[in-house]
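Please give a guided tour of this structure for someone who has it open in a viewer. At each stop, say what to select and what is there.

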Amino acid sequence: MANNKQVTQITSMDQDFAQWYTDVCTKAELVDYSGVKGFFVMRPYGYAIWENIMNWLDGEFKKTGHENVSMPMFIPESLLQKEKDHVEGFAPECAWVTVGGSEELPERLCVRPTSETLFCDHWKNILHSWRDLPMKYNQWCSVVRWEKTTRPFLRGREFLWQEGHTLHATEAEAREETLQMLEIYARCYEELLAMPVIRGNKTDKEKFAGAENTYTIECMMHDHKALQSATSHYFGDGFTRAFDITFQDRNNQAVYPHQTSWGFTTRSIGGLIMTHGDDRGLVLPPRVAPTQVVVLPIAAHKPGVTEAAEKLVERLKAIGLRVKGDFSDNSPGWKYAEYEMKGVPLRLEIGPRDLENGQAVAVRRDNQEKVFIPLAELENAVPALLETVQQALFDKAKANLDSHTWPAQTVEEVKAKAMDGFVKTMWCGDAACEEKMKEAAGVSSRCIPFAQENLGDTCPCCGRPAKHMIIWGVAY
RNA sequence: CGGGGUGUAGCGCAGUUGGUAGCGCGCUUGGUUCGGGACCAAGAGGCCGGGUGUUCAAGUCACCUCACUCCGACCA
């Protein structure tokens with residue numbers, strides 16, 4: 001019954017969403033704080049989520065013809081400085097190495113904040129002919145950006161990601177690549193993480209340092225704030241000119257290739273937590289959950305119970321599910337709370353009463369709904385239930401996004417709704433109006449959605465003719 | 001980088017007008033339990049974040065410093 005010895009109790013979302021978030025991160029054993037600010041330990045349970053994401057994405061990268069590589073961790077200062085916009089964007093948040101062993105280095109080295117310059121430096125050496133193109137590379141690694149404030153997953157001074165870097169003979173092919181990879185990211189969020197996304201363009205103000213176009217997918221968290229969830233960039237030939245990378249085309253002309261890059265980070269796990277979690281803790285969609293089903297014997301000492309539970313684990317493993325049996329001597333109530341905290345999508349209980357009835361009890365994490373599953377139907381019923389949970393989580397998140405996206409005609413209307421979700425307005429395309437909106441309404445531009453709507457003819461900031469519909473929001 | 005908060009056992013905390021450190025949970029061992037965070041018994045576990053000062057005496061007072069955290073400005 002009611003018991004106050006709940007050391008793993010977490011702060012409620014409504015009371016303090018930020019505290020709730022950090023509680024979940026630590027109590028669900030996803031991360032631990034390290035001795036250095038902004039650097040986090042990803043514990044096995046958190047890393048297992050990342051591994052599932054990596055496996056899914058890496059499979060898509062391979063299907064679309066990309067190869068994995070590994071680049072150096074350090075960038076000589078002179079290399080970083082070759083592309084002007086790029087340095088300006090990243091230099092302020094670089095960590096620098098100035099000493100090797102006991103020797104002062106002749107040139108200081110930046111710990112990579114992103115690897116465009118390294119790829120370019122390498123490509124300069126190996127690209128010769130149009131026959132060498134396209135070059136479609138990816139690397140899984142961590143990067144360092146010296147952020148001022150840090151939070152687990154959402155913002156660390158080091159974070160894990162993949163960064164794809166490609167070179168193409170033509171602009172059209174490079175642009176196609178950029179959009180193709182954005183679409184893979186969008187599908188990863190929607191299909192794997194059960195998070196609906198908005199695909200769109202970043203404004204010039206918000207685009208990546210050195211990019212010609214930045215495409216983004218934006219997600220809405222449970223508290224209605226925005227999370228920039230992945231980006232894909234088209235560079236044109238800006239970097240390849242700066243690094244003097246050319247190839248001989250079919251006409252024996254030296255030509256600058258067109259470049260892209262795209263990245264997906266462990267921030268996605270933060271988004272996952274803030275999209276689906278509740279006051280009991282983490283809620284994981286079955287497709288990414290390290291453990292999809294936890295099997296609990298009830299009154300395990302009674303004849304046949306433990307054996308029956310073990311049999312359930314074996315049968316579910318045999319059909320490829322990630323399943324765990326908890327045969328520890330903790331009480332059932334303790335186990336319920338524990339696996340709810342860790343967001344395991346489905347709990348299967350089997351006890352003496354179930355043995356009599358030839359069934360198991362399944363309890364969904366997302367809505368606590370209880371379902372009796374005849375043991376004979378286990379192999380069909382459990383995967384079906386997991387798919388139901390996956391879909392229900394997506395639907396719930398989609399409903400949150402849809403019901404908290406507001407059209408607006410004036411700056412005042414934007415301001416009124418700014419703390420309550422996304423606001424969509426028309427926009428003239430002028431950066432001055434974007435800045436004005438930020439000052440007046442406290443929102444940043446999230447993206448210019450690919451799916452445009454016509455909400456009017458004029459920009460709410462300046463009254464001039466509008467060019468696009470744009471989405472505003474308060475972002476993490 | 002500005003503003004606030006917190007540092008005492010693994011976690012959460014108490015510690016009076018300064019007097020030489022305690023509680024709950026967790027952990028270990030044994031036993032009883034088991035359908036919503038069980039119970040009993042016996043144990044282990046501390047450079048009180050660090051430094052300097054005041055004092056016969058500092059977890060406690062003063063100053064400094066470090067770390068973490070939250071809120072802003074900057075960013076995936």
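Strand 10 (residues 213-220) and strand 11 (226-236) pair in the antiparallel sense over eight bridges. Two strands pair if DSSP finds at least two bridges between them. Helices (H or I, at least four residues) and strands (E, at least two) are DSSP runs, numbered from the N terminus.

The model is predicted; local features need pLDDT of at least 70, side-chain atom pairs count only at pLDDT 80 or more, and totals for chains, interfaces and linings use all residues. Residues are numbered from 1 along each chain as its sequence is written, while chains are lettered from A and ligands numbered from 1 in the order in which they are written.

Next select helix 6 (residues 171-192).

In the loop between helix 6 and strand 9, pick A194. A194 is not a glycine, yet its phi is positive, about 55°. A194 counts as buried because it has 27 C-beta neighbours inside 10 Å. A residue is buried if 20 or more other C-beta atoms lie within 10 Å of its own, exposed if 12 or fewer, and partly exposed in between, with C-beta atoms placed from the backbone.

Is Q368, another stop, buried or exposed? Q368 counts as exposed because it has 11 C-beta neighbours inside 10 Å. Q368 lies in the loop between strand 18 and strand 19 (370-374), and its phi is near 65°.

For a cis peptide bond, select L133 and P134: omega of the bond from L133 to P134 is near -5°. P134 is in the loop between helix 5 (116-126) and strand 7 (135-144).

Move on to strand 17 (residues 346-350), where L348 is placed. Five of the five residues of strand 17 are buried, so this strand is largely enclosed by the rest of the structure. L346, L348 and I350 are on one side, R347 and E349 on the other. Strand 17 runs parallel to strand 15 (residues 293-297), with five bridges, and antiparallel to strand 18, with four bridges. V293 stands opposite L346, and V361 in strand 18 is the bridge partner of E349.

Leaving aside neighbours within four places in sequence, L348 is in contact (C-beta atoms, placed from the backbone, within 7 Å) with V293, V295, L312, A360 and A362.

Finally, display RNA strand B. Of the 49 residues around RNA strand B, K37, S331, G333, A337 and G351 come nearest; a residue is near a molecule or strand if its C-beta atom, placed from the backbone, lies within 6 Å of it. Helix 10 (332-341) gives the most to this surface, with eight residues.

Notes:
Contact = placed C-beta atoms within 7 Å.
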